[in-house]
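Work through these exercises with the model open beside you. Try each task before you read its solution.

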Amino acid sequence: MMSKISTFFGIIIVLCIIIFGFIFFEPIFTEEVVDIKVINKEKWIGEKGKYFIFTEKEVFLDENNYYHNNKTNADELYPIFKEGTSYKVKVVGLYIPFLPRFRNILTILEKKETNFPLQEN
């Protein structure tokens with residue numbers, strides 16, 4: 001009986017270490033550069049420095065967050081985003097569609113030029 005309880009608590013401790021280890025190192029493991037096309041943007045009402053950027057494939061968060069590489073530039077990035085414009089951005093975090101978990105935009109690396117389709121003759 002005692003070995004079953006010890007095994008159970010041992011498994012719980014190992015799972016906690018794995019989960020908290022991932023949370024601690026998430027900014028290092030999940031940072032990547034992605035291309036996005038903004039279709040809409042909104043301010044988070046009630047919290048200063050928190051914005052949503054809606055793209056064709058997912059929703060991003062633009063928020064000041066000490067945990068994400070000491071990010072403090074959300075108020076400066078938000079006005080730069082324009083609807084219908086493409087950007088190359090550096091993001092961090094995991095996007096889980098069925099949970100309210102969004103990747104945070106750290107910085108804008110490049111604003112893509114708008115290409116117009118050629119007219120057919």
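**Exercise 1. Salt bridges**

Task: How many salt bridges does this predicted model contain, and which residues form them?

Solution: 
- Step 1. Use the cut-off: a side-chain nitrogen of Lys or Arg within 4 Å of a carboxyl oxygen of Asp or Glu. The count comes to 3 salt bridges.
- Step 2. Take Lys90 and Glu31. Their side chains meet at 3.7 Å, N to O. Lys90 belongs to strand E4, while Glu31 is in the loop between helix H1 (2-29) and E1, so this pair ties together parts 59 residues apart in sequence.
- Step 3. Go to Arg103 and Glu32. Here the N to O distance is 2.5 Å. The pair links distant parts of the chain, with Arg103 in strand E5 and Glu32 in strand E1, 71 residues apart.
- Step 4. Stay with Arg103. Glu58 also forms a salt bridge with Arg103, and the closest N and O atoms are 2.7 Å apart. Glu58 lies in the loop between E2 and E3 and Arg103 in E5, so parts 45 residues apart in sequence are tied together.
- Step 5. Join the shared partners. Glu32, Glu58 and Arg103 make one network.

**Exercise 2. Buried or partly exposed?**

Solution: 
- Step 1. Recall the limits. Buried means under 20% relative accessible area, exposed means over 50%, and partly exposed lies in between.
- Step 2. Lys90 has 26%, so Lys90 is partly exposed. Glu31 has 34%, so Glu31 is partly exposed too.
- Step 3. Arg103 has 10%, so Arg103 is buried. Glu32 has 38%, so Glu32 counts as partly exposed.
- Step 4. Glu58 and Arg103 are both buried.

**Exercise 3. Strand E2 and its partners**

Task: Which strands pair with E2, and in what sense?

Solution: 
- Step 1. Look at E1. E1 and E2 pair in the antiparallel sense over 5 bridges.
- Step 2. Look at the turn. E1 and E2 form a hairpin with 6 residues between them, and Gly46 in that turn has a positive phi of about 105°.
- Step 3. Look at E3, residues 59-63. E2 and E3 also pair in the antiparallel sense over 5 bridges. Phe52 has Leu61 as its bridge partner in E3. This hairpin has 3 residues between its strands.
- Step 4. In E2, 5 of the 6 residues are buried, so the strand is largely enclosed by the rest of the structure.

**Exercise 4. The core**

Task: Which residues touch the most other members of the largest nonpolar core?

Solution: 
- Step 1. The core has 15 residues. Those touching the most other members are Ile36, Ile53, Phe60, Phe81, Tyr87, Val89 and Ile105.
- Step 2. Follow Ile105. Beyond four places in sequence, its contacts include Ile36, Ile53, Phe60, Phe81 and Val89.

Technical notes:
Residues numbered from 1 in each chain as written. Predicted model: local features only at pLDDT ≥ 70, side-chain atom pairs only at ≥ 80, totals over all residues. Heavy atoms only, no water. Core = buried A, V, L, I, M, F, W, Y, C linked by side-chain atoms within 4.5 Å. Buried < 20%, exposed > 50% of the residue type's maximum accessible area, 1.4 Å probe, protein only. Contact = heavy atoms within 4.5 Å. Helix = DSSP H or I, 4+ residues; strand = E, 2+ residues; numbered from the N terminus. Pairing = 2+ DSSP bridges.
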